[in-house]
Amino acid sequence: MEPPVFAVVGHVNKGKSSIVAALAEDDSVPIARQARTTRANQIFPLRVDSRTLFTLIDTPGFEQARHALAWMRERETSAAERSNIVAEFVRQHEQTGEFPEERELLRPILDGAGILYVVDGSRPFSPRYEAEMEILRWTGRPRMAMINRIGERDHVEEWRQALDQYFSLVRPFNAHAADFQIRLQLLYGFRELREEWRPFVDEAIHALEAERERRRRRSARAIADMVGDQLALTLDKRVPDEVDLAPFRRQLEEQYREALRQRERKERDEVEDLYQHRRLRRQESELSLVTDDLFDETVWLRLGLTRKQLAATGLLGGVLVGGGIDLAAGGATFLTGALIGGAIGGVSGWLGTRSLAKISIQGLRLGGRLLRIGPMRNPQFAWIALDRALLHYALVSQRSHARRDELVLEPDGKQQGRTSQLPLSERREIEAALTRVRKEKDPDFQDDAREDLAGKIEGLLERAVSGKG
Amino acid sequence: MPSPQLTLADLIDLEAQMGRDAGLDRETLRRRDRAIGREISVAPTDRRELILAWLRRVRGLGDSTGERAARALAAGTWLLCLIGLVAGAGAGAALFHYDGVRPVNVVPILGLFVALPFALLLLLVLAAAPPAWLTWLPGARALQDLLRFLSPGRLAPALSRIMPSRFRRSLDEGLGNLRSFDRLYGRVRFWLLAGISQAFLVSLQIGALAAAMALVIFTDLAFAWSTTLQVPAGTFHAITHVISTPWAAFAPEAVPSLDLVEATRYFRQGGTFVGVGDGAPNVVLLGRWWPFLVYGILTYGLLPRVLTLGLSQWRYRAALRRIGLNHAPLQELYERLTQPVIESRAQSETAGAPAAAAAETLSAGEVFAGQSPCAIIAWDLPESSEAQIREEAGRGLKCAVEGIVFAGELDVATDERALDRFRERPDTPVVLLVKSWESPTRDLTLFLERLRKRLGDGVPILVAPVEFQTGDGWGPAERHDLAEWAGRMKAEGDPWLRTVDLAGRRD
Ligand SMILES: Nc1nc2c(ncn2[C@@H]2O[C@H](COP(=O)(O)OP(=O)(O)O)[C@@H](O)[C@H]2O)c(=O)[nH]1
Ligand SMILES: [Mg+2]
């Protein structure tokens with residue numbers, strides 16, 4: 001038994017390529033407002049360990065269905081002959097060069113592909129479409145109709161009535177809104193098309209579900225690693241004796257922020273990669289959001305835990321202490337107000353280092369002081385980082401590969417962070433895991449601690465996607 | 001089934017491979033490892049076996065870094081043992097040397113081959129103790145570090161320099177890798193080096209013993225005891241008695257008697273024996289010390305070392321066995337081996353069609369000044385009545401509608417009927433009303449070509465995209481739809497074919 005092939009057909013510009021892109025998780029499929037974006041059939045095999053389970057074919061779409069049908073009708077003799085006439089149509093026009101799109105899309109169907117017919121349910125039905133449907137019926141292949149909705153309006157019912165006459169299965173499917181569950185449901189529809197195809201589709205569903213879990217697990221670990229790295233980040237700067245520390249401090253501070261941001265970007269790329277979003281652009285505003293965000297008190301309050309929650313988790317004391325910034329070398333407290341201010345406290349612990357004031361490099365005793373920033377002492381930071389990662393994960397993991405717009409990561413203004421909605425007991429558990437990650441110096445145990453944190457994050461990720469609240 | 005034994009070479013290769021893999025992209029790794037994973041026919045539950053089988057495959061044929069390192073280390077170890085034998089034999093020969101004048105002094109032999117090894121043994125125990133046990137002992141950690149640093153086993157890598165340089169490099173790399181995973185492999189490294197140390201010490205003792213035996217057998221030796229300290233013969237006898245406790249029961253001849261001790265005290269000054277009058281003691285008595293010394297070396301020098309050698313090897317194997325192979329990179333590897341690779345993207349990536357050139361749309365006001373007449377073809381608008389079209393189009397186009405004909409419907413005959421209406425060249429522009437949201441199809445452009453042929457050059461054809469409103473009326477077309485129509489109509493290359501915006505909205 002050959003694995004099934006499904007040809008995605010329909011009128012031009014109704015979302016055929018979009019549906020294929022969503023199902024095949026391929027964000028490189030050309031999708032555009034202009035018609036004729038797809039000129040030749042494109043093959044999308046679903047392979048599990050190099051074994052093809054089914055193949056999707058994106059086709060150019062009908063351009064002259066009325067005339068094609070007219071040609072066929074002229075030659076109609078009996079209903080049994082119809083599929084032969086369709087084959088004859090393709091063969092004859094091969095010579096004349098006419099009907100290039102119709103020939104291209106009919107070819108895989110005549111070779112045995114199942115039909116996925118796409119219409120736009122946001123636009124009114126027109127009897128003209130019956131030419132396309134009729135030709136498809138003539139092929140005699142198993143067929144299913146998908147009502148995509150490109151626009152806002154709703155003409156689904158009128159479409160359904162027409163489609164029901166030509167297709168054994170009619171399903172709504174919004175290419176841009178299709179997340180994993182919706183795609184899976186469509187696959188269940190594929191199973192219905194032909195008995196013999198079921199085992200293949202079942203196996204594919206199985207593999208996709210396992211893959212889904214793998215991605216979630218890997219994402220959780222990527223987030224745990226990011227938080228771990230960010231918490232452990234320290235930067236040093238040598239400062240000569242007897243100079244003003246302030247400019248050095250600012251410089252180091254800026255480097256520190258940039259390093260944190262960069263680590264965050266790396267995690268984002270990893271997650272997007274896992275979910276096969278290779279060309280995703282995160283919106284500029286998001287980047288600048290990242291820039292200011294982690295250091296902007298209002299965002300912290302918005303995303304993160306409220307003070308009451310902090311106190312309840314036993315964090316508030318830590319926040320206040322974590323905000324304590326001291327630079328022993330200067331003997332002064334820096335960074336007050338300007339950087340963060342208020343109860344949120346400082347981003348970083350500053351360690352002045354009289355003991356390290358003299359460092360020896362290659363046997364030379366050099367003068368100067370060592371300015372060090374980090375590791376992160378603010379317990380709030382990890383929650384912010386987690387929250388942001390969760391938001392990104394929820395958007396990326398559910399995003400349809402048909403979309404070509406930018407990923408906008410702006411949390412809506414009033415929204416509290418996702419983590420702030422967690423029950424206290426769970427927040428405590430996560431806090432404990434975070435503390436372990438923060439404290440564990442030994443690389444082996446650090447690895448354990450991160451794995452443990454990743455396990456907790458995995459639970460969060462699962463809920464971030466399922467409970468869309 | 002017991003898990004297969006991991007060897008040092010495996011461990012070094014594993015880390016070397018992980019290091020190399022860190023530079024490869026995930027997709028490649030996933031594909032490679034899954035292919036290997038599928039070839040390996042072991043139950044995926046046995047992670048260790050799976051990873052080892054994987055390692056054997058990726059490292060391929062030929063000697064690997066790990067194998068070279070292991071061989072270099074073995075060579076270093078053998079050389080160290082050889083040095084031990086020679087050094088031991090040298091020391092033994094020197095201490096058992098009898099020039100025929102001064103008898104061999106028993107005391108330094110006891111010190112070097114009995115007391116010192118015993119002390120060293122205690123240090124080994126200290127070095128091997130888990131650091132946590134030693135917290136109560138101030139300075140113990142520092143001492144432990146020092147001892148580990150001083151371990152003669154550390155000489156083996158250095159001695160491996162006799163091997164060709166690629167072996168040496170492999171060893172440096174391999175041990176370096178293990179060092180960077182100290183928490184994971186620290187125990188392995190410790191017992192490995194401890195084992196080499198013990199092997200060295202065993203060969204040292206064997207060398208000494210062999211030299212001593214050779215001298216005993218092939219020459220006649222005279223022993224005596226001598227020390228600067230004020231030790232009465234009775235005390236020295238008591239010491240020797242305690243020392244010989246382990247073998248007293250089965251080898252009484254190797255237990256020095258008080259007589260012997262008393263008779264063989266020796267003061268170098270003047271080369272005289274003290275104890276039995278003033279004459280030299282009985283020659284037989286002078287030779288009597290050797291069984292005691294040999295038993296001493298055997299019992300306190302060699303035997304403990306053989307035991308610690310065995311212990312080191314046992315612990316070394318245990319440490320290898322206990323390696324969990326589950327830190328993060330190996331966890332990922334395990335997943336790559338066991339989880340199927342799913343591919344769903346396009347077989348070949350295609351570039352999209354080039355975007356159509358942008359083109360202007362005309363506004364109705366520009367075309368029909370003051371209600372001039374127009375002829376209308378309604379393309380695929382069967383749902384609209386003639387009256388509605390007359391009203392909406394007349395308003396939107398600001399023209400006096402002269403005639404309306406329907407085309408582009410399901411039945412292709414409608415096209416023919418429409419074309420028939422233009423058998424004579426009209427003196428008004430021809431307006432083609434189309435649904436704005438439907439993309440221009442080949443069907444339509446072929447119709448336009450036929451229409452142009454019918455009309456002849458010069459007659460304006462105006463394509464007017466129509467948008468339905470939610471109620472009944474028509475509204476302005478969406479800007480992107482208009483743009484697409486304008487672009488596609490321009491691409492037709494007909495200079496009298498233009499796109500017109502029904503609503504007259506231009507910006
Ligand atoms: N908003 C929205 N737009 C869609 C959807 N599906 C397709 N489109 C848009 O419709 C246009 C045509 O889509 P495409 O997949 O290229 O259609 P094809 O010509 O049938 O392959 C593109 O501009 C898509 O962005 C959808 O589900 N929602
Ligand atoms: Mg397309």
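**View 1. A nonpolar patch on the surface of chain B.** In this predicted model, B:Leu82, B:Leu85, B:Val86 and B:Ile206 come together as a nonpolar patch on the surface. Taken together, the four have about 350 Å² of accessible area. The element that gives the most to this patch is helix 4 (residues 65-95) of chain B, with three residues.

**View 2. The disulfide between B:Cys374 and B:Cys399.** Here's the one disulfide you'll find over all chains. It joins B:Cys374 to B:Cys399, with 2.0 Å from S to S. The torsion about the S-S bond is about 45 degrees, so this disulfide is right-handed. B:Cys374 sits in strand 7 (residues 373-379) of chain B, while B:Cys399 is in the loop between helix 17 (386-397) and strand 8 (400-407), so the pair ties together parts that are 25 residues apart in sequence. Both cysteines, B:Cys374 and B:Cys399, are buried.

**View 3. Two edge-to-face ring pairs in chain A.** Over all chains, the count of aromatic pairs comes to 20. One of them is A:Phe6 with A:Trp197: the ring centres are 5.3 Å apart and the planes are at 85 degrees, so it's edge-to-face. A:Phe6 belongs to strand 1 (residues 5-10) and A:Trp197 to the loop between helix 7 (180-193) and helix 8 (198-232), so this pair ties together parts of chain A that are 191 residues apart in sequence. A:Phe6 counts as buried at 0% relative accessibility, and A:Trp197 counts as buried at 2%. Next up are A:Tyr129 and A:Trp159, whose ring centres lie 5.0 Å apart with planes at 70 degrees, so they're edge-to-face too. A:Tyr129 is in the loop between strand 4 (114-120) and helix 5 (130-139) of chain A and A:Trp159 is in helix 6 (residues 156-164), so parts 30 residues apart in sequence get tied together. A:Tyr129 and A:Trp159 are both buried.

**View 4. An aromatic cluster in chain B.** Ring pairs link up B:Trp225, B:Phe236, B:Trp247, B:Phe250, B:Trp289, B:Phe292, B:Tyr295 and B:Tyr300 as a cluster.

**View 5. Arginines over aromatic rings.** In chain A, the charged end of A:Arg75 sits over the ring of A:Trp71, at 3.7 Å from the ring centre. In chain B, it's B:Arg47 that lies over the face of B:Tyr334, 4.4 Å from the ring centre.

Key
Residues are numbered from 1 along each chain as its sequence is written. Chains are lettered from A and ligands numbered from 1 in the order in which they are written. This is a predicted model: local features need pLDDT of at least 70, side-chain atom pairs count only at pLDDT 80 or more; totals for chains, interfaces and linings use all residues. Side-chain values use heavy atoms; hydrogens and water are left out. Patches are made of residues with over 30% relative accessible area and no salt bridge: like charges are joined within 9 Å, nonpolar side chains (Val, Leu, Ile, Met, Phe, Trp, Tyr) within 5 Å. Accessible areas come from the Shrake-Rupley method with a 1.4 Å probe; for residues, only the protein chains shown count as cover. A salt bridge is a side-chain nitrogen of Lys or Arg within 4 Å of a carboxyl oxygen of Asp or Glu. Helices (H or I, at least four residues) and strands (E, at least two) are DSSP runs, numbered from the N terminus. A disulfide is a pair of cysteine sulfur atoms within 2.5 Å. Buried means under 20% relative accessible area, exposed over 50%, partly exposed in between (1.4 Å probe, protein chains only). Rings of Phe, Tyr and Trp (its six-membered ring) pair if their centres lie within 6.5 Å; planes under 30 degrees apart count as stacked, over 60 as edge-to-face and the rest as tilted. A charge sits over a ring if NZ of Lys or CZ of Arg is within 6 Å of the ring centre and within 35 degrees of the ring normal.
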